[in-house]
Amino acid sequence: QLQLVESGGGLVQPGGSLRLSCAANGTNGNIFKLYKMHWYRRAPGQERELVAKITPGGGTDYTDAVKGRFTISRENTKNSIDLQMNSLKPEETAVYYCKAENLAGWSYWGQGTQVNVSS
């Protein structure tokens, strides 16, 4: 059973940066590299929204609101993905979640990591 563990959240001032990580347990690199990986977030009182995704081949896509500021990356040898977030805004305060999707379309979610953007 794949398990995802997010880390790297915390308090940051507006305009600051954070780097989130998501580690996948219960798999190995030969399988992990086949997963499509995603970062989602849920702000207080809002629906969960897709922030960024990365394909097995390394192709990336972002929601318009974060383009040019966020970067998703993967390290298959470490069974992990990262989300580098720059120029953070207060409205991006949210719980950030990692999701893995396998070739059969099954999804696995992490527990989330809290990001607070505030002065």
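These notebook entries record what I looked up in this predicted model.

**Entry 1: conventions**

I number residues from 1 along each chain as its sequence is written, and for side-chain values I use heavy atoms, with hydrogens and water left out. Because the model is predicted, local features need pLDDT of at least 70 and side-chain atom pairs count only at pLDDT 80 or more, whereas totals for chains, interfaces and linings use all residues.

**Entry 2: strand β8**

I began with strand β8, residues 80-85. Helices (H or I, at least four residues) and strands (E, at least two) are DSSP runs, numbered from the N terminus. Is β8 enclosed or open? I noted that six of its six residues are buried, so β8 is largely enclosed by the rest of the structure. I take buried as under 20% relative accessible area, exposed as over 50% and partly exposed as in between (1.4 Å probe, protein chains only). On one side of β8 the buried residues are Ser-80, Asp-82 and Gln-84, and on the other they are Ile-81, Leu-83 and Met-85.

I then looked up the partners of β8, counting two strands as paired if DSSP finds at least two bridges between them. Strand β3 (residues 18-25) runs antiparallel to β8 and is joined to it by six bridges; Leu-20 stands opposite Leu-83. Strand β7 (residues 70-75) is also antiparallel to β8, with six bridges, and there Thr-71 has Gln-84 as its bridge partner. I recorded a hairpin formed by β7 and β8, with four residues between them. Asn-79, in the turn, has a positive phi of about 50°.

**Entry 3: strand β1**

Strand β1 (residues 3-7) has a covered face made of Leu-4 and Glu-6, while Gln-3, Val-5 and Ser-7 form an uncovered one. I found β1 paired with β3 in the antiparallel sense over five bridges. Ser-7 stands opposite Ser-21 in β3.

**Entry 4: salt bridges**

Side chains of opposite charge can pair when their charged atoms come close. How many salt bridges does the whole structure hold? My search found five, a salt bridge being a side-chain nitrogen of Lys or Arg within 4 Å of a carboxyl oxygen of Asp or Glu.

One of them joins Arg-19 and Asp-82 at 3.2 Å, N to O. This pair links distant parts of the chain, with Arg-19 in strand β3 and Asp-82 in strand β8, 63 residues apart. Arg-19 is partly exposed, at a relative accessible area of 41%, whereas Asp-82 is buried at 16%.

I next recorded the salt bridge between Arg-41 and Glu-92, at 3.3 Å, N to O. Arg-41 lies in strand β4 (residues 36-42) and Glu-92 in the loop between β8 and β9 (94-101), so the pair ties together parts that are 51 residues apart in sequence. Both Arg-41 and Glu-92 are buried.

Lys-67 forms a salt bridge with Asp-64, the closest N and O atoms being 3.0 Å apart. Lys-67 is partly exposed, with a relative accessible area of 46%, and Asp-64 counts as exposed at 62%.

**Entry 5: aromatic pairs**

I found three aromatic pairs in the structure. Rings of Phe, Tyr and Trp (its six-membered ring) pair if their centres lie within 6.5 Å; planes under 30 degrees apart count as stacked, over 60 as edge-to-face and the rest as tilted. The ring centres of Tyr-35 and Tyr-108 are 6.3 Å apart and the planes stand at 80°, so this pair is edge-to-face. Tyr-35 lies in the loop between α1 (29-32) and β4, and Tyr-108 in strand β10 (residues 107-109), so the pair ties together parts that are 73 residues apart in sequence. Tyr-35 is buried, with a relative accessible area of 9%, and Tyr-108 is buried, with 15%. Elsewhere I noted a cluster in which ring pairs link Tyr-40, Tyr-97 and Trp-109.

**Entry 6: Asn-102**

Where does Asn-102 lie? I located Asn-102 in the loop between β9 and β10. Asn-102 counts as buried, at 18% relative accessibility. Asn-102 and Lys-36 are 66 residues apart in sequence and 6.4 Å apart in space, C-alpha to C-alpha.
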